[in-house]
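Dear colleague,

Please find the structure below, handed over for your records.

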Amino acid sequence: MSDFDYGIVEEAAKQLYIKALCDLPPDVREALKRAYARETKPTARSVYEAIFKTIETADQKHTLICQDTGLPLYKVKIGSRYAWNGYEIKSRLTNGTRRATQEFPFRSSSTHPLLRVNPQTSVGPGLPVFYWDFSEDDTLDILMAPKGSGSENVSKMQMFTPADGVKAVKKFVLDTVVNGGGMPCPPGIIGVGFGGTADLVAKLAKDAILRPVGQRNPDPEIATMEVELEEAINSSGVGAMGLGGDVTTLAVHIETAYTHITQNPVAVNCQCWPARRARAVIHPDGAVEYGY
Amino acid sequence: MAEYHLTSPFSEQDIRQLRAGDIVRFDGRLFGIRDLTQIYMFDQHHEPPVSLAGYPCIHTAPSLRKAGDKWEKICVGTTTSVRMDRFSPDLIAKYGVRAIIGKAGLYQKSLEAMQQYGAVYLAIVGGSAALETLQIEEVEAVYWEHLHPEALYQFRVKNFGPLTVAMDSHGRHLYDEVRAEAARRMPEIYKKLGVA
């Protein structure tokens, strides 16, 4: 094993959680500005004005954009050309999450599902949520996302049949978003998982909200489906915060996987307008680059 | 769409002039309440140690820090209101609350209480805690401290808003109107999407 100092990973996890909560990614800011430029309803326009003041205040005062610190999620890509220690990475990311919560300090949103006891650490059995992947280079690439509950609570999945076709999938996405109304704090990103298994489809929907806003699926047919769904959702008139308006979503992102010949699964993961995420790329020499 | 700048406590006349879609900002006292605060008040029958009459209440579980005897703000944001719908008619009828502030609205019985007693639901922009926190000048008091972060909070605010009048005292419910309009548009949208 190498002599890499894993304190660097712990510090990065702490910084990432705080950065994600305070500093909205540039693609999200731009998408909100474009939405504002398109919006014609005065009520909705005043919502955007408050959104921009909120982002500005968080920038200037280094404060949380939203009080919902969410559940912490880390998507980690481990480079194969360096002897990274997976066990150390996992425990350091967990420690960093706890330290961010207690040292910033901010509210822990994590609780026992039955006892409803919140240990004020943001971690616990099953948390943070981790997704692991591998790359061909030598870096440790960590994407952190605090997922708020207003949007997560209106997320849904459904196992359709092949006979239901893609029609059922599209209708499900549209109905889920329109029925959610103002609860997921629109306009945010609508993540769609399409294919896979019951668990994978939900994970794909979460992957989809973590893409930069408007980055299209590389498969042109899926990209077309993204555009069609965006137009359909925005035609509903639900608008910013469900108060009526021309823009209900900044973008629909779809992630797919091959599925069983008898299955046709779909999942929708809603993301709120503060579509928070932060990234750190850690090099074997200890250098850390922060981004989104 | 008219814009109003009010000072709390609000009179019935202050509130009756507001129409769905208007924008409100206000100065003065604001109470913070949450699920547990209202379970404690209504289900467990505890009288609030301070009068809420005429004041606005916001649905929040704030992050605060206690330095000596004094509470300081860290982050105050707003949560989804519908979970607390069942308490809202009594909050208006029994305690004289004139405005409930939250996100995503309340249901029919709350709307009826607003019509009967002269109260409104004011929609805040969800997710905008940084701005709300900035507009809170002081945490004046925390009652029922053992319930924190779902105690009863007394804030002093300056130019608090923008808030949209989403449910007014004349029976208009903006969220219901938006939902009805979406339902009206749906058949055409389904057709265009090829899922009809």
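A residue is called buried here if 20 or more other C-beta atoms lie within 10 Å of its own, exposed if 12 or fewer, and partly exposed in between, with C-beta atoms placed from the backbone. By that criterion, 51% of the 292 residues of chain A are buried.

This is a predicted model, in which local features need pLDDT of at least 70 and side-chain atom pairs count only at pLDDT 80 or more, while totals for chains, interfaces and linings use all residues. Residues are numbered from 1 along each chain as its sequence is written, and chains are lettered from A and ligands numbered from 1 in the order in which they are written.

Chain A overall

Chain A contains eight helices and nine strands (DSSP runs numbered from the N terminus: H or I of at least four residues for helices, E of at least two for strands). Its radius of gyration is 19 Å, close to the 19 Å of the globule rule for 292 residues, so chain A is as compact as a globular protein of that length. The radius is taken over C-alpha atoms, and the rule is 2.2 Å times the number of residues to the power 0.38. Two residues are in contact if their C-beta atoms, placed from the backbone, lie within 7 Å. Among contacts in chain A between residues at least 6 apart in sequence, 79% join residues at least 24 apart.

The interface with chain B

Contacts between the chains involve 42 residues of chain A and 36 residues of chain B. On the chain A side, H3(A) supplies the largest share, ten residues. By class, this side has 20 nonpolar, 15 polar and seven charged residues; Ala, Val, Leu, Ile, Met, Phe, Trp, Tyr, Cys and Pro count as nonpolar, Asp, Glu, Lys and Arg as charged, and the others, Gly among them, as polar.

The axes of H8(A) and helix H6 (residues 174-193) of chain B come within 10 Å and cross at roughly 170°. H8(A) is therefore roughly antiparallel to H6(B). Axes are lines fitted to C-alpha atoms, for helices over the stretch in contact, and angles run from 0 to 180 degrees between N-to-C directions; under 35 degrees counts as roughly parallel, over 145 as roughly antiparallel, 65 to 115 as roughly perpendicular and the rest as oblique. A:Glu228, A:Ala232 and A:Ser235 in H8(A) meet residues of H6(B) including B:Arg185 and B:Ile189.

With kind regards
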